[in-house]
Amino acid sequence: MSIWKKLVVPATLAALAGSTAIANAATEIHWWHAMGGTNGERVNKIADDFNKSQSEYKVIPTFKGNYTETMTSAIAAFRAKKQPHIVQVFEVGTATMMAAKGAIYPVEDVMKDSGIAFDKSDYLPAVISYYQTPEGDLLSMPFNSSTPVLWYNKDAFKKAGISEVPATWSEMKDASDKLRAAGYKCGFSFGWQSWVMVENFGAWHNIPMGTKENGFAGFDTEFTFNNDAMKKHWTNLANWSKDGTFAYGGRRGDSLPMFINQECGMWMNSSAYYGSIKSQAKFEFGQSMLPYYKDLTDKPQNSIIGGATLWVLKGQDQGDYKGVGEFLKFMSSPEIQAWWHQGTGYVPITKAAYELSKEQGFYNENPGTDTAIKQLSLNTPTPASRGIRFGNFVQIRDVINEEMEAVWSGEKTPEAGLETAVERGNALLRKFEKAN
């Protein structure tokens, strides 16, 4: 049985009604999030600014740990009937949240029931489509969305005589050879490798990762990423790891120091590393779009997002949700989103915030910082590039990571690693399907 399913008891939810309303005082809206450090301070400022903008509601943000810990905390809290109004959940938790039909209050319904004007066409299609039902209903509110980009060391390029940023994988190999010849230890590295080199690789080449529109059209989906294109890519990476073209440095952002310390001249990872790179790099850097294989596609399709959205949980007094809706409207405003985007590297979730950043001269002063938006909006998303929605995907990413690491270390061939990743992944999909 789903960890959510056994919690959904309407009668107990009804018993909670009115428990959080405070007579003659601002109604408290509790927001659990996973933003620590500087980003956490920015989350607190968004809440503070909202609280100062009116007197009827008070948003109380609470840091609950990393993405996994925050989601786990929300599930446990729901079981104890102490859930927050809003919880931040990373994108790979979407299928799990969707399966909790009695526990979540779809954002589109929150706004409609609260009488708050809400136009989905204001949002970037590549962002909002990730969190919609097959019928187009929005389930959660986009907040911190990013996408992987190609970071490069401009000083290293100049030293190595590289005049153009690589646009294809063939050019990545050529540039890497020049970097190594100029004294750099490796050409490139990357992080979040399932997200960057499997999920986004498929979307960028318009090749599905699994059946049923990458899981959007049903839980009875199966992985298909053991295709010829992925075998070619993993084979290249495996070969390049032997000669120093590519160097593996860990699963998440662990390989960032290899770029910052100028061991590798290029790095592929989230656009949201902008703040970290800007504060640490002792060299001129830039960002560009991900490379592609010309023999697989004439031109790239679009990349897909990472990051998280804000989910609204049921079980609170109905009057509280008007405050939830007002806050979601506030944090989606062009001013808030432009400020958040420019300081973090996350993309602005609305077209208006993007236009405001242009008007403010941010992209002229910081060339390349609109790469993520251009990449996400390159083409209208297809069923293969809209995103992924697989159950148990947190665990499946671990499986993919394990198999990729076995290939990089030479323990397995690319073909064997891919076959095992698909086999183990499908077993977890069937487990999720059975539970939901």
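1. Helix α19 (residues 393-408) and helix α20 (residues 414-435) pack at an angle of about 165 degrees, and their axes lie 9 Å apart. Axes here are lines fitted to C-alpha atoms, for helices over the stretch in contact, with angles running from 0 to 180 degrees between N-to-C directions. Helices (H or I, at least four residues) and strands (E, at least two) are DSSP runs numbered from the N terminus. The two helices α19 and α20 are therefore roughly antiparallel. For that wording, angles under 35 degrees count as roughly parallel, over 145 as roughly antiparallel, 65 to 115 as roughly perpendicular and the rest as oblique.

2. Please keep in mind that this is a predicted model, in which local features need pLDDT of at least 70 and side-chain atom pairs count only at pLDDT 80 or more, while totals for chains, interfaces and linings use all residues. Residues are numbered from 1 along each chain as its sequence is written, and side-chain values use heavy atoms, with hydrogens and water left out.

3. Back to the pair: α19 and α20 cross in a right-handed way. A crossing is right-handed if the near helix is turned clockwise from the far one by less than a right angle, and left-handed if anticlockwise. On the α19 side the contact (heavy atoms within 4.5 Å) is made by Q395, I396, V399, E402, E403 and V407, and on the α20 side by P414, G417, T420, A421, R424, G425, L428 and L429. By class, this contact holds 7 nonpolar, 4 polar and 3 charged residues. Ala, Val, Leu, Ile, Met, Phe, Trp, Tyr, Cys and Pro count as nonpolar, Asp, Glu, Lys and Arg as charged, and the others, Gly among them, as polar.

4. Helix α20 has another partner to look at. Helix α11 (residues 228-243) packs with α20 at an angle of about 130 degrees, the axes being 9 Å apart, and α11 and α20 are therefore oblique to each other. This crossing, too, is right-handed. From α11, the residues M230, K231, W234, T235 and A238 meet P414, E415, G417, L418 and E419 of α20. They divide into 5 nonpolar, 2 polar and 3 charged.

5. N227 has a relative accessible area of 18% and is buried; buried means under 20%, exposed over 50% and partly exposed in between (1.4 Å probe, protein chains only). Leaving out residues up to four places away in sequence, N227 touches I207 and P208.

6. E199 sits in helix α9 (residues 193-204) and is buried, at 3% relative accessibility. Not counting residues up to four places away in sequence, E199 touches S194, M209, I304, I388, F393 and R397.

7. Two backbone angles deserve a second look. Most residues other than glycine have a negative phi. N214, in helix α10, has a positive phi of about 60 degrees although it is not a glycine, and N214 is buried at 2% relative accessibility. Q262 has a positive phi near 65 degrees; Q262 lies in the loop between α12 (256-260) and β7 (264-270) and is partly exposed, at 27% relative accessibility.

8. Finally, the overall picture. The protein has 20 helices and 9 strands. Of its 436 residues, 58% count as buried, and the C-alpha trace spans about 70 × 50 × 35 Å along its principal axes.
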